Amino acid sequence: MTDIKVHSIPGSPYGRAVLIALEEKHAPYRVVPVAPKTLRSPEHLARHPFGRVPILEHGDFRLYETQAILRYLDRALPGPTLAPPEPRSAARMDQLMNVNDWYLFQGAGNVIGFQRVVAPKLMGLTPDETAIAAAMPKAHVVFDALARELGDGAYFGGDTPSLADIMIAAQLDFFTGTPEWPALTAKNPNLVRWMERMNGRPSMRATTWDRVAAMAEGSSASCAP
């Protein structure tokens, strides 16, 4: 049995980023499902004091915060390196990982992705068009910034995917099926090509919402008495 466990909610883009990295590293792992209603439970807060996901368990080592988990996995596991060795390229990767957290997710992905994908799929709710419209200016700013950083490159990290590519792909994949995607990428066709390139990777195909949900269900069944 694998000694790597990822506690996450199926569909979480942050949880998915960790799973993509594990797939890129060809490392076996197990998904431990977390129900949203248990995020404030004493059991979960003992693992993550801020009540979020994902959480990594690697043997007797436990770690939370996605960026920390991704850097740890890249350092600790064999397989392809997911961080550029050159200092300036590594700094650019770090910058993009923070752009993902503070500008792509906050105020853009957590609004548009939630309203278009999460709320209808999990809660049966109708998207709040006013909230989506209010988030679009911020989304345009971050999409334009990402397109400038990508330029003509195959990936944000150079010729191969980096941790930044992994984090951003997990977030942007939420947008691809929304009515907002064409507007946000109309002036940024390089982002469309990059997203297609990422979605063609086995690591992305192995970590779709449905695939992770199936893994989580299998994990729960295997742990049942």
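Predicted model: local features only at pLDDT ≥ 70, side-chain atom pairs only at ≥ 80, totals over all residues.

A: Happy to! A helix here is a DSSP run of H or I with at least four residues, a strand is a run of E with at least two, and both are numbered from the N terminus. His26 sits in the loop that links helix H1 (13-24) to strand S2 (30-33). Its phi is near 60 degrees, a positive value in a residue that is not glycine. The side of the story that concerns solvent is simple: exposed means over 50% relative accessible area, and His26 counts as exposed because its relative accessibility is 66%.

Glu65 also has a positive phi without being glycine, this time near 85 degrees. You'll find Glu65 between strand S4 (61-64) and helix H3 (66-76), again in a loop. With a relative accessibility of 43%, Glu65 counts as partly exposed.

Next comes Pro54, in the loop running from helix H2 (42-47) to strand S3 (55-58). The peptide bond between Val53 and Pro54 is cis, with omega about 5 degrees. Both Val53 and Pro54 are touched by His7, whose contacts beyond four places in sequence also include Val32, Val34, Arg47, Ile55 and Glu57. His7 belongs to strand S1 (residues 4-8), and at a relative accessible area of 6% His7 is buried. The side chains of His7 and Glu57 also make a polar contact of 3.3 Å.

Terms used
Residues numbered from 1 in each chain as written. Heavy atoms only, no water. Buried < 20%, exposed > 50% of the residue type's maximum accessible area, 1.4 Å probe, protein only. Polar contact = N/O pair within 3.5 Å; in protein donor to acceptor, adjacent residues only side chain to side chain. Contact = heavy atoms within 4.5 Å.
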